[in-house]
Amino acid sequence: MRSLSAKLVLVLVGVCSVQAVVVAVYVREANRRAFTELLERESLERFRAQMLRHYERTGSWDGVAESFDRRPPSRDAMRERRGSGPPPRPGGRPAPTRYGLADGSGIVHISAGRTPEGRYVPEDELEAAVPLEVGEQLAGYILLPTELLPQSAEQQAYLRQLDTGLIIGGLGAVLCALLVGVGVARFSLRPLRELNAATRAVAQGDLQQEVQVSSADEIGQLAQAFNTMSAALAQAEAARQQMTADVAHELRTPITVIAGYLEALADEDLSATPERLRMMHAEAQRLKRLVDDLRTLSLADAGALPMQRAVMSVAPVLDRVAQAFAQQAAAGEIALQVEHEGSDLRIDGDGERLYQVLANLVVNALRHTPSGGVVTVCSRQDAAGIAIEVADTGEGIPEDALPHIFERLYRREGSRHQTEGQSGLGLAIARSIVQAHGGTIMATSTVGKGTCFTLQLPEAKR
């Protein structure tokens, strides 16, 4: 059985069937027991009323034995007489009785089958007997029979009708369970069927799939999660295609330049001057940087980025960055400042990888800060851990471009577009390295005033 709908219907019908059988058996036995107890109470009440009438009429139990047949009634006789009360027997004597009678001292006047008349009732039988009281005086005891009251034909017919009703009700419950199960299975599993079809479409390459979310239960949550996954897959596929196109574009330019020079040199259209060789070497270096950056990103995506982590202070890394780019800042007449706020700040990280991130941010800041501007690298401690900021007073980044600057090979028209000699993957690599350290990186910017990149890293446990 491969259909989930069939399994669900079968389970529901099975549960309802078992429940119907259990309820039917319980109701049948409970009704039979209650019906039998009702008959016993009615029979006992009639005998009690007859005994009290005799006692009230005579003031004693004398002659009570002669008023009743002391033999226990047969089952057929009881079936014939049940209904409108005991009819008189031939000779004017009442119908036989199943109950016995003992006076207040325990002497049997009418035997119930266990103790003969004229003898004392045993203690156990007397304890189970029903007291007969006249006013506040104990007049005697009704001795209970040891067998259940026989049932008449009408009573047995009633019980058979009850059994038939229970069987019909149980079958009706199973049928209703079947109908409800089919309806519930179709309604509840419809989102799953839609999910199955959408999943097959995704497997075949059609990533733009969305199923209808019709409930807030687990199936609805699954449908919502699938829609989110499908949208993410479509976005990732679009980004992959765009990145492939961008990488092809980035590779095409230096390859075209190098191939053109080599072809011209081979045809002796150009001579191998130092300037031309340097141009070819620069294009080759550009290719190398792009390949190295792509490899770094692929390792970061796979969680295999090499890291030499240790507890380290961030201050020496910031000082190293300032020293490395002091010459470039001075050449552009830009003030490069380093600030350390608070005490010695330590993280559990890779110093070379952290330097790689800060170097990339400082290079970008220097490139887009005009002469007379300021680039500041500072570290401080806050409630979330260690914060490292790289801020400049440059041209800034437009608001619509700010959410995309960490995307791979992102291009925009304006001041911070990809610059000659850069792979366009620096910020994407920086984000991957920071995330590998368990931190986050974000940027805030105001056009015309500057940009600030903030690295948030967890503080090392001391």
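How many aromatic pairs does the structure hold? It holds three, where rings of Phe, Tyr and Trp (its six-membered ring) pair if their centres lie within 6.5 Å, and where planes under 30 degrees apart count as stacked, over 60 as edge-to-face and the rest as tilted. Before I go through some of them, please keep in mind that this is a predicted model, in which local features need pLDDT of at least 70 and side-chain atom pairs count only at pLDDT 80 or more, while totals for chains, interfaces and linings use all residues. Residues are numbered from 1 along each chain as its sequence is written, and side-chain values use heavy atoms, with hydrogens and water left out.

One of the pairs is Y55 with W61, whose ring centres are 4.8 Å apart with the planes at 45°, so this pair is tilted. Y55 and W61 are each buried, meaning under 20% relative accessible area, with exposed being over 50% and partly exposed in between (1.4 Å probe, protein chains only).

Another is F406 with F453, where the centres lie 6.1 Å apart and the planes stand at 90°, so the pair is edge-to-face. This pair links distant parts of the chain, 47 residues apart, since F406 is in the loop between β9 (385-392) and α10 (426-436) and F453 is in strand β11 (residues 450-457); helices (H or I, at least four residues) and strands (E, at least two) are DSSP runs, numbered from the N terminus. F406 and F453 are both buried.

Finally, a charge: the charged end of R320 sits over the ring of Y355, 3.9 Å from its centre, the criterion being NZ of Lys or CZ of Arg within 6 Å of the ring centre and within 35 degrees of the ring normal.
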